[in-house]
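Hello,

Here is the structure I promised to pass on to you.

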Amino acid sequence: PAPGPARILPGGKGGDVRTAALINGTAAHTVEVDDIYSPGLYHPGVSVVAAALATAEAEGASGADLLRGVVAGYEVSNRIARAVNPAHYRYWHTTGTVGFFGATVAAASVMRLEARVMAQAMATAATFAAGLRHAFSSDAMSKPLHAGRAAEGGVLAALAARDGVTGVADILEAERGFGAAMSDAADWDAALADLGTAWTVERMTQKPYPCCGHAFAAIDAMRALVAEGVAPGDIERIAVASYRAAVEVCENPHPITSYEAKFSLPFSVALAALGRPVDLTAFAPERLPDPAIRAMMGRVSLVVDAEAEAAFPALRGAEVRVVTRDGRELCHRRKTRSGDPDFPLSDSALEEKFHTLAAPVIGEEPARELAMALWRVDALEDVRKIPTAG
């Protein structure tokens with residue numbers, strides 16, 4: 001990329017604002033540890049934060065400006081995601097579609113665009129929005145690019161609106177608009193019902209495991225059974241019952257690559273059944289052929305559970321039923337999953353997660369310094385003072 005004011009992470013090399021948003025947004029979605037807004041089947045942070053940060057650096061904005069842009073981007077896009085789902089998710093990757101709106105609002109907010117100009121930016125973003133869910137059905141690179149394109153497209157839409165580019169005002173709700181084209185039951189009234197009184201950014205899920213979030217409740221349930229005394233050698237069969245999307249997205253019984261393993265519920269549940277950590281190292285290529293994991297995977301079956309399906313997408317539950325070799329049957333049901341708003345990760349757990357991800361890349365001490373700076377980002381006069389590894 002050409003030199004510019006927005007930094008490409010982690011090294012901090014300067015690039016133009018759109019390129020920085022594209023690369024940082026794509027990178028943020030590659031290892032499956034990004035946050036989730038469950039009612040919207042959506043990962044807002046990867047596009048919203050990437051767009052807000054690149055714009056804030058290009059504008060020389062403060063940490064408070066950055067955070068305001070992030071909150072605004074979350075609030076608007078989470079509500080749009082909630083309005084068009086779950087029907088939208090049948091074909092569309094919400095992060096790659098609705099992410100454009102979140103990135104647009106975040107960038108426009110950082111630029112301090114007035115409401116009518118921000119509306120024009122959103123109207124333009126609606127015509128950019130794309131990202132097919134089938135893109136993450138195999139080990140391909142398209143899925144993380146959805147997030148990067150959403151971040152870059154949002155910045156472009158905001159810049160274009162600032163320079164006078166206009167869009168169609170009713171592009172969301174019109175007969176041939178976004179809702180009609182990408183959902184069969186978009187509920188715009190419900191999306192706006194508690195606006196200003198309830199904040200969706202406070203109802204986020206933070207991932208405790210570096211794999212598809214649809215597998216989390218089953219992992220939690222299996223780990224609970226192990227904690228209760230189920231030993232790997234005792235297990236004859238493991239029956240996992242969850243909502244339909246979890247079964248459809250994560251049913252892969254024979255993952256070959258690390259990416260496929262992250263979208264294999266049998267693989268993740270087998271790790272938990274063996275008492276092994278479900279962390280980044282567990283999905284390393286050299287771990288995939290492990291005979292113990294493969295043997296345990298062969299004992300896992302998946303079915304759609306009516307109770308979990310009825311609660312989806314607001315709740316992401318699962319039941320795990322283990323039949324032992326001596327004929328015992330043990331069951332654990334999770335109506336929610338670790339990291340969800342009603343079972344949140346602690347600040348210390350979040351910082352540990354950050355350090356686990358950052359330290360191998362930028363070093364132990366730089367990771368600690370960066371974590372301290374991020375906890376206090378609201379006090380920064382210029383976000384360009386956030387340290388990088390460069």
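**What I found**

Let me start with the surface: the chain exposes about 16800 Å², and carbon and sulfur atoms supply 57% of that area. Please keep in mind as you read that this is a predicted model.

On overall form, the C-alpha trace spans about 70 × 55 × 35 Å along its principal axes. A compact globule of 390 residues would have a radius of gyration near 21 Å, and the chain has 21 Å, so the two agree. The secondary structure comprises 17 helices and six strands.

Contacts across the sequence are well represented: among those with a separation of 6 or more, 74% join residues 24 or more positions apart. Of the 390 residues, 53% count as buried.

Now to the interior. In soluble globular proteins, nonpolar side chains tend to be buried together. Here the largest nonpolar core has 60 residues, and those touching the most other members are Leu66, Ile80, Val98, Phe101, Phe178 and Ile386. Helix α5 (residues 99-110) gives this core its largest share, eight residues. Leaving aside residues up to four places away in sequence, Ile386 touches Arg7, Leu53, Leu370, Leu374, Val377 and Leu380. There is also a second, separate core of 48 residues, with Ala218, Leu265, Ile293 and Val300 among them.

Finally, the charges: I count 37 positive and 47 negative side chains in the chain. The centres of these two sets lie 2 Å apart.

Best wishes

Definitions and conventions:
Residues are numbered from 1 along each chain as its sequence is written. This is a predicted model: local features need pLDDT of at least 70, side-chain atom pairs count only at pLDDT 80 or more; totals for chains, interfaces and linings use all residues. Side-chain values use heavy atoms; hydrogens and water are left out. Helices (H or I, at least four residues) and strands (E, at least two) are DSSP runs, numbered from the N terminus. The radius of gyration is taken over C-alpha atoms; the globule rule is 2.2 Å times the number of residues to the power 0.38. Buried means under 20% relative accessible area, exposed over 50%, partly exposed in between (1.4 Å probe, protein chains only). Contact means heavy atoms within 4.5 Å. Accessible areas come from the Shrake-Rupley method with a 1.4 Å probe; for residues, only the protein chains shown count as cover. Lys and Arg count as positive and Asp and Glu as negative; His and the chain ends are not counted. The place of a charge is taken as NZ of Lys, CZ of Arg, CG of Asp or CD of Glu. A nonpolar core is a set of buried Ala, Val, Leu, Ile, Met, Phe, Trp, Tyr and Cys residues joined through side-chain atoms within 4.5 Å.
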